[in-house]
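Trainee: Please pick a single part of this model and go through it closely, from the contact itself out to its surroundings.

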Amino acid sequence: MTSTSIDQSLRRQGRPCGVTVAILVGIFLFSLLPLLQVGMVLIVRQHFASLDFPEDGPQPMATGGNFLGSITEAELALQSALSLGFLVVAVMAWRGRPALSRRVFVLAVAALTLVKLTALALQPGQAAQEGITSGDALFQSLGVGQVAIEILVMLYIIWYMNRAPARAFFRGQNPPRPDRAADEVVEL
């Protein structure tokens, strides 16, 4: 065996495909999507704040409607902070350093999913005075679908990040190859 083949065998292999998928899906679902939601709310608020209505005449379309629900500034700030914090954790997991980043990534995914489930369970019902629209049922269904997808993604991330190739990647080792294990048994 030459020194170049030894160097190549000791060199760290690339990120396993399952780790790449887990991190990218996690970034999309737990960072990009919540940040897009915050951005949409802020854009709609800015749009309605910039409208000039005549004081003496009827105000078109924007009277009596609640376009944003009861989303407070604190909730928007919390969602933004959690999303950006998860993005930092995901970048550390993408790099694979430190080795603890695998566990932190899995815990962050589980924690964010549990926070979402808790927030959905504790969400108060719509008051009768505010009225109920057909859009409310649509948004509730979309919210339940998003939570279901988050649960499935969480289960995938927990499952894959605890497999041998992912653990080996985060330890900086080459994962065991099944074809080499068979060769070694034959040679003995």
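**The contact of H2 with H4**

Mentor: On the H2 side, Ala22, Ile23 and Phe30 meet Phe105, Val109, Leu112 and Thr113 of H4, where contact means heavy atoms within 4.5 Å. By class, this contact has 6 nonpolar residues, 1 polar and no charged ones; Ala, Val, Leu, Ile, Met, Phe, Trp, Tyr, Cys and Pro count as nonpolar, Asp, Glu, Lys and Arg as charged, and the others, Gly among them, as polar.

The model is predicted: local features need pLDDT of at least 70 and side-chain atom pairs count only at pLDDT 80 or more, while totals for chains, interfaces and linings use all residues. Residues are numbered from 1 along each chain as its sequence is written, and side-chain values use heavy atoms, with hydrogens and water left out.

Helix H2 covers residues 17-50 and helix H4 residues 101-121; they pack at an angle of about 35°, with axes 12 Å apart. Helices (H or I, at least four residues) and strands (E, at least two) are DSSP runs, numbered from the N terminus. Axes are lines fitted to C-alpha atoms, for helices over the stretch in contact, and angles run from 0 to 180 degrees between N-to-C directions. The crossing of H2 past H4 is left-handed, that is, the near helix is turned anticlockwise from the far one by less than a right angle; clockwise would be right-handed.

Threonine 113, in helix H4, has a relative accessible area of 1% and so is buried (under 20%; exposed is over 50%, partly exposed in between, with a 1.4 Å probe and protein chains only). Beyond its neighbours within four places in sequence, threonine 113 is in contact with Phe30, Glu150, Ile151 and Met154.

Phe30 and Phe105 also belong, with Phe86, to a cluster linked by ring pairs. Rings of Phe, Tyr and Trp (its six-membered ring) pair if their centres lie within 6.5 Å; planes under 30 degrees apart count as stacked, over 60 as edge-to-face and the rest as tilted. The whole structure has 6 aromatic pairs. Tyrosine 156 and tryptophan 159 make a tilted one, 5.9 Å centre to centre with 50° between the planes. These two are about one helical turn apart because they lie 3 residues from each other in helix H5. Tyrosine 156 counts as partly exposed because its relative accessibility is 28%.
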